[in-house]
Amino acid sequence: MAETYIARSTKIAARNLGGEMMIMSAVDSTFFTLNPVATVIWQAADGKTPLSQIVSEQVCSEFEVEPEQARRDAEEFVSQLSQHGILLISDHPLSSDRPATEAP
Amino acid sequence: MSLQAEMGEKATRLGIPISVHIDVTYRCNERCDHCYLEHDDKGEMTTQEIKDLLDQLAAANVFYLTFSGGEVFMRRDFLELVEYARQLQFNVQLKTNGVMIRQREAQRLRELGVEQVQISVYSHRPEVHDAITRLPGSLKRSLEAVRFLKSQGLRVTVANVYMKVNRQDQAATQALVRELGVEYKLDPTVTPMMDGNSSVLALRVDGERLRDVFSDPRLVGNVGEFCAPPQAVDDDVMESHSCSAGHASCYINPYGEVYPCVQFPLPTGNVRRQKFLDIWQHSPQMNEVRSIKVKDLPVCSTCTHAAGCSRCPGLAYMEGNMRGPSTADCEKSYYRTGIPSANMLRKAAAAGTAPPPRLVQILPMTV
């Protein structure tokens, strides 16, 4: 099965507020907060680490969650954020030095 | 409560400055009658100093960053600063008169992902607007900027200041802004100059005129709710504070001086000599501001408006006491609800005059 790679969009504003990420899309001003599990995935979204590796090495090791459940939740989370342009998804590694002016 | 409001409350609990306003310059191409600033450059921060400051603000978890002035585009490096701020993932908002924004600038702001641009417009008539700004042609340029920004898909707000000189144009200005398809904000607050000079206060509208604003649903939403009688004052109110100044937000001027708010000229430190977080966390002045609760306000804690008043501690400070009343907000509470504030009653008693009359009679419903 092909790997999924995720990278944070540069068209956002984001900060970690007491362990909880808050993110606003610079495209449509949608405002999100991420729970601690989603925050771990977000922070690990470097475009180079496969999602499966993020789930197994960071989510499952830090939170008491079954691997299969964690994978399903992570895929749903990634899908939701990608629909708002907050996360970029690819089946190959993504560059981490995308310019701030990437196309909306 | 909205998600953003929840985050604001969380920031206050955690002592995080979630919102910072930076004036990058006091220089301006307009000379507005009501402006509270001196426009001479007394050594504003360099490009590198501001970038270093932005690094510190990002590390301090600042999320909302407002760039204002003076006129921000008077700095040749302004777009470079915006680009740097966006690389640090701030939510960037701008306040400008728009006179120097053309298609190219608007496009660049959109590319950089600026969240919102606020442009000042004081009238729909050039003879009124340009007389206030003392810059011929400024209304035309500002409105063109609104259109350029809007055409790029940017969120634009037009801000008007309600004064004696433009009061009669308010409705037509609002209609013009609606035609442009952008948000409109009307502020009846004229503030004293930063050096304490209060001569500009003569521009404030008479209190009676505030009622026109407070009874306009296009400006305040639900008039019944907005003008509702004061809520009960309970322990939660007594333990609360007036606003976010010094709790979750602060202001930094072009010379690196840090204040609780742009409208609260209490010096707390300078980022040219100290780290921002040192000032934010350890400044005695900042800590004094955030220690003040409603119960500590000698007059306002006795006021029937304590729960719903927009009391500005900065305006109170400029009146001489940061724990005292802010007269402008007393007037707003009075003309909003018809019930005089404790401060107004106290002043009338001290002067031996009749207290301000209740403007609205709230009668119990009879069955």
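Where do Glu144(B) and Lys140(B) lie, and how many residues apart are they? Both are in helix 6 of chain B, 4 residues apart, about one turn of the helix. I'll come back to that pair.

Ground rules. This is a predicted model, where local features need pLDDT of at least 70 and side-chain atom pairs count only at pLDDT 80 or more, while totals for chains, interfaces and linings use all residues. Residues are numbered from 1 along each chain as its sequence is written, chains are lettered from A and ligands numbered from 1 in the order in which they are written, and side-chain values use heavy atoms, with hydrogens and water left out. Helices (H or I, at least four residues) and strands (E, at least two) are DSSP runs, numbered from the N terminus.

Start with the interface. Contact here means heavy atoms within 4.5 Å. Chain A puts in 22 residues and chain B puts in 25 residues. Together they bury about 2000 Å², 56% of it on carbon and sulfur atoms. Buried area is the accessible area (1.4 Å probe) that two parts lose on being put together, summed over both. On the chain A side, Arg15(A), Leu17(A) and Phe31(A) lose the most area to chain B, together 32% of what that side buries.

Now the polar part. There are 10 residue pairs in polar contact between chain A and chain B, both residues at pLDDT 80 or more. A polar contact is a pair of N or O atoms within 3.5 Å; within protein, one must be able to donate a hydrogen and the other to accept it, and residues adjacent in sequence count only if both atoms are side-chain atoms. On chain A, strand 2 (12-17), strand 3 (20-25) and strand 4 (31-33) each supply at least two residues of the side that touches chain B. Strand 2 of chain A gives the most, with 6 residues. By type, that side of chain A divides into 11 nonpolar, 8 polar and 3 charged residues. Nonpolar covers Ala, Val, Leu, Ile, Met, Phe, Trp, Tyr, Cys and Pro; charged covers Asp, Glu, Lys and Arg; the others, Gly among them, are polar.

How many salt bridges are there between chain A and chain B? The count is 1. A salt bridge is a side-chain nitrogen of Lys or Arg within 4 Å of a carboxyl oxygen of Asp or Glu. Lys10(B) forms it with Glu20(A), the closest N and O atoms being 2.5 Å apart.

Next, the sheet in chain B. Its 9 strands form an open sheet in the order 6-5-4-3-2-1-7-8-9, with mixed pairing. Strand 6 (183-187) and strand 9 (269-270) of chain B stand at the edges, each with a single partner strand, so one side of each is left without a neighbour in the sheet. Two strands pair if DSSP finds at least two bridges between them. Strand 3 (residues 91-96) and strand 4 of chain B pair in the parallel sense over 4 bridges. There, Leu94(B) has Val117(B) as its bridge partner. Strand 7 (residues 249-252) and strand 8 (residues 257-259) of chain B are antiparallel, over 2 bridges.

Stay on strand 4 of chain B (residues 116-120): 5 of its 5 residues are buried. Buried means under 20% relative accessible area, exposed over 50%, partly exposed in between (1.4 Å probe, protein chains only). Gln116(B), Gln118(B) and Ser120(B) point one way, Val117(B) and Ile119(B) the other.

Back to charges. Over all chains, the count is 27 salt bridges. Asp33(B) and Arg134(B) make one of them, at 2.7 Å, N to O. That pair links distant parts of the chain, 101 residues apart. Asp33(B) is partly exposed at 23% relative accessible area, whereas Arg134(B) is exposed at 54%. Arg134(B) also has a positive phi, near 55°, in a residue other than glycine.

And the opening pair? Glu144(B) and Lys140(B) meet in a salt bridge at 2.9 Å, N to O. Lys140(B) is exposed, at 56% relative accessibility. Compare helix 15 of chain B, where Asp329(B) and Lys332(B) are 3 residues apart, about one helical turn. Their salt bridge is at 3.9 Å, N to O. Both Asp329(B) and Lys332(B) are buried. In chain A, salt bridges that share partners join Glu68(A), Arg71(A), Arg72(A) and Glu75(A) into one network.
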